[in-house]
Amino acid sequence: MKQLKFKNGDSMDAIGLGTWKSDKGKVTDAVRIALENGYRHIDCAATYGNEKEVGDALVEVFGKGEIKRKEVWVTSKLWNNAHKKEDVIPALKKTLEDLQLEYLDLYLIHWPVAFKPEINGFPEGPDDYLSLEEVPLIETWNEMIKAQKDGLVKHIGVSNFSRQKLQRLMAQTDHHPEMNQVEMHPYLQQKNLLEFCNKNSIRVTAYSPLGSGDRPDNLKADNEPSLLENPVIKEIAEKHEASAGQILIKWSVQRGTAVIPKSTNEKRIKENLESDKIQLDEKDMKKIADLDRHYRYVTGKFFEVEGNSYQNIYDD
Ligand code: NDP
């Protein structure tokens, strides 16, 4: 399995298991099955509402003794209602309690957007937000640094950050993010962002690599293009006697990013990890490169409420 290396010598498996939208009743089995079949990287977040159930699987698997805590890479993310200085470490501690872990391998600022602390779900109007003037990202970031120094997390990073937001944050601190987790797949290749991250030693994790087909309807656009049904992807899949999903996953790995496909289905959990055995050739990679259409499934539009200060999540 290809790995992403960190400065201190740590490494993270390029293929991990996503857990957004994984039902509480299914995610414990999904994580256990994943770990028993070779996954060593699990992607979580407080806002997915299932960290306790993910934690139950971790406790069960570590309890059996065959897989040790230090062999598994666990990522989680700080939700938008805990950006204030005094809220970051308590939110992290709640995640650790739910996951039933002593430390995380990686903790990310989930979005460059802050809500008032009392907003648990999604904001309903501009008054539910805190502006970047009220809670600058550097305030949140400095607490992330503190959490790392205190040993609660091994590595820290961000998610859904544009180049501009990364640059702005990096200009304010010598302690740069080690990871940016963003949407990335053949329809949204983000070449400039990837190049910027590569140049600045910021590793990249590709989320929604399969097109995030199980998102709730209110987060979907009409007539979304399907990655899994794309004829070029299907043709390459046929050539390699693989599934379309496997081609999408391996494409991310061969571009040098990590990738975290979500599944709660045993067959697909296994299939997704097995994509590592495929080797896409130059022709395949070129054909997929030509599919870019700058199409986002997770638009962030739900944060662009008129009257708040987040009118441009991605391009500011
Ligand atoms: P994905 O692109 O991973 O797609 C998940 C969907 O694909 C599910 O419906 C799943 O169904 C199905 N699926 C899984 N494997 C296959 C396969 N081999 N063939 C066909 N269908 C398949 O969507 P996500 O949006 O969930 O992204 C992955 C992960 O990235 C998230 O779970 C989360 O951990 C992270 N993420 C992070 C975000 C952030 O803001 N940082 C935002 C979005 C995602 P089934 O379960 O039935 O197999």
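In the predicted model, the crossing of helices α3 and α4 is right-handed, a term applied when the near helix is turned clockwise from the far one by less than a right angle. Helices here are DSSP runs of H or I with at least four residues, numbered from the N terminus. Helix α3 spans residues 85–99 and helix α4 residues 137–149; their axes lie 8 Å apart and form an angle of about 40°. Axes are lines fitted to C-alpha atoms over the stretch in contact, and angles run from 0 to 180 degrees between N-to-C directions. The arrangement of α3 relative to α4 is therefore oblique, the class left after angles under 35 degrees (roughly parallel), over 145 (roughly antiparallel) and 65 to 115 (roughly perpendicular).

The contact (heavy atoms within 4.5 Å) involves K85, V88, I89 and L92 of α3 together with E139, T140, E143, M144, K146 and A147 of α4.

Positive phi values in residues other than glycine were also examined. Phi of E241 is near 50°, and E241 belongs to the loop between α7 (231–239) and α8 (244–254). E241 is classed as exposed because its relative accessibility is 76%, exposed meaning over 50% relative accessible area with a 1.4 Å probe and protein chains only. For H294, phi is likewise near 50°; H294 lies in the segment after α10 (282–289) and, at 65% relative accessibility, counts as exposed.

Residues are numbered from 1 along each chain as its sequence is written, and side-chain values use heavy atoms, with hydrogens and water left out. As the model is predicted, local features need pLDDT of at least 70 and side-chain atom pairs count only at pLDDT 80 or more, whereas totals for chains, interfaces and linings use all residues.

Notes. Helix = DSSP H or I, 4+ residues; strand = E, 2+ residues; numbered from the N terminus. Buried < 20%, exposed > 50% of the residue type's maximum accessible area, 1.4 Å probe, protein only.
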